[in-house]
Amino acid sequence: MIQQFSKTNYQSICNELASNDLDLQKIINTHGYPPFWSRPNSFESLVHIILEQQVSLASALSALNKLRERVQEITPARIVLLTDEEMRACYVSRQKNLYIKYLAEALLSGQLKLEEFHDMPDEEIRAKLVALKGIGNWTADVYLMFALQRADIFPMGDLAAVNALKRVKKLPAETTKEEMLKITAKWQPYRTLAAMLLWHYYLSAPKASKL
């Protein structure tokens with residue numbers, strides 16, 4: 001069954017999570033609800049997430065805005081026409097240029113059809129995305145969470161979410177992935193919203209602060 005959330009129910013889901021987890025309740029009490037982070041189910045959204053890989057959000061947005069200036073509308077057909085030099089002038093690294101062009105070609109050839117994702121199970125979407133060069137589980141997770149509003153994804157490859165989890169649950173630095181997965185399993189079927197609460201805490205609370 002496909003689990004999704006929307007702007008109308010995400011706060012009630014946060015409340016449901018908080019009613020069963022005092023640490024999540026403290027986040028809401030202290031910092032309020034997380035913003036409703038969302039992006040369209042589009043090529044541009046995937047390009048944006050690829051640009052966000054292993055760099056600051058500000059750097060990725062700067063590159064995305066440069067691409068927008070260059071082509072007006074970020075579409076596969078327009079991106080494949082850009083030369084390596086033009087991509088580099090938009091702050092896109094050589095490797096990410098390859099990933100973005102590979103994605104554009106997959107969409108133009110019909111190998112990948114984003115409109116089919118709406119009715120597809122999470123793991124089928126993940127399999128189609130990670131089959132593409134340059135797209136791993138983190139990129140797939142973020143796309144599932146933000147572009148498709150899938151409700152039960154925890155991005156274990158996201159350092160901010162993992163570090164917030166450790167801080168909120170007062171876990172030692174050496175806590176294993178398996179131990180953290182046991183904690184996140186308690187938030188099923190709404191792990192996405194739990195992750196958003198953790199991101200909200202991470203962005204709202206100075207590192208030295210305590211809940």
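How do the residues of the lining of the second largest pocket divide into nonpolar, polar and charged? I began the notebook with this point and found six nonpolar, two polar and six charged residues. I counted Ala, Val, Leu, Ile, Met, Phe, Trp, Tyr, Cys and Pro as nonpolar, Asp, Glu, Lys and Arg as charged, and the others, Gly among them, as polar.

**Basis.** I worked on a predicted model, in which local features need pLDDT of at least 70 and side-chain atom pairs count only at pLDDT 80 or more, while totals for chains, interfaces and linings use all residues. Residues are numbered from 1 along each chain as its sequence is written, and side-chain values use heavy atoms, with hydrogens and water left out.

**Second largest pocket.** I noted a volume of about 210 Å³ for the second largest pocket. Of its 14 lining residues, Arg126, Asp141, Phe154, Pro155 and Met156 are the closest to its centre. A pocket here is an open set of points on a 1 Å grid over the protein atoms alone, where a 1.4 Å probe fits, with protein on both sides within 12 Å along at least five of seven lines; lining residues have an atom within 4 Å of a point. Grid points are joined across faces, edges and corners, and a volume is the space filled by probe spheres set on the points. Helix H8 (122-130), H9 and helix H11 (177-185) each supply at least two lining residues; the largest share, three residues, comes from H9. Helices are DSSP runs (H or I, at least four residues), numbered from the N terminus.

**Largest pocket.** I then turned to the largest pocket, with a volume of about 700 Å³. It is lined by 20 residues, of which Leu57, Trp138, Asp158, Ala160 and Trp199 are the closest to its centre. At least two lining residues come from each of helix H9 (137-146), helix H10 (159-168) and helix H12 (191-204). I recorded eleven nonpolar, six polar and three charged residues in this lining.

**Backbone.** I found a cis peptide bond between Gln188 and Pro189, with omega about 5°. Pro189 lies in the loop between H11 and H12.

I also looked up positive phi values outside glycine. Tyr91 has phi near 65° and sits in the loop between helix H6 (84-89) and helix H7 (94-109). Tyr91 is exposed at 52% relative accessibility, where exposed means over 50% relative accessible area (1.4 Å probe, protein chains only). Lys170 has a positive phi of about 55° and belongs to the loop between H10 and H11. With a relative accessible area of 60%, Lys170 is exposed.

Conventions
Buried < 20%, exposed > 50% of the residue type's maximum accessible area, 1.4 Å probe, protein only.
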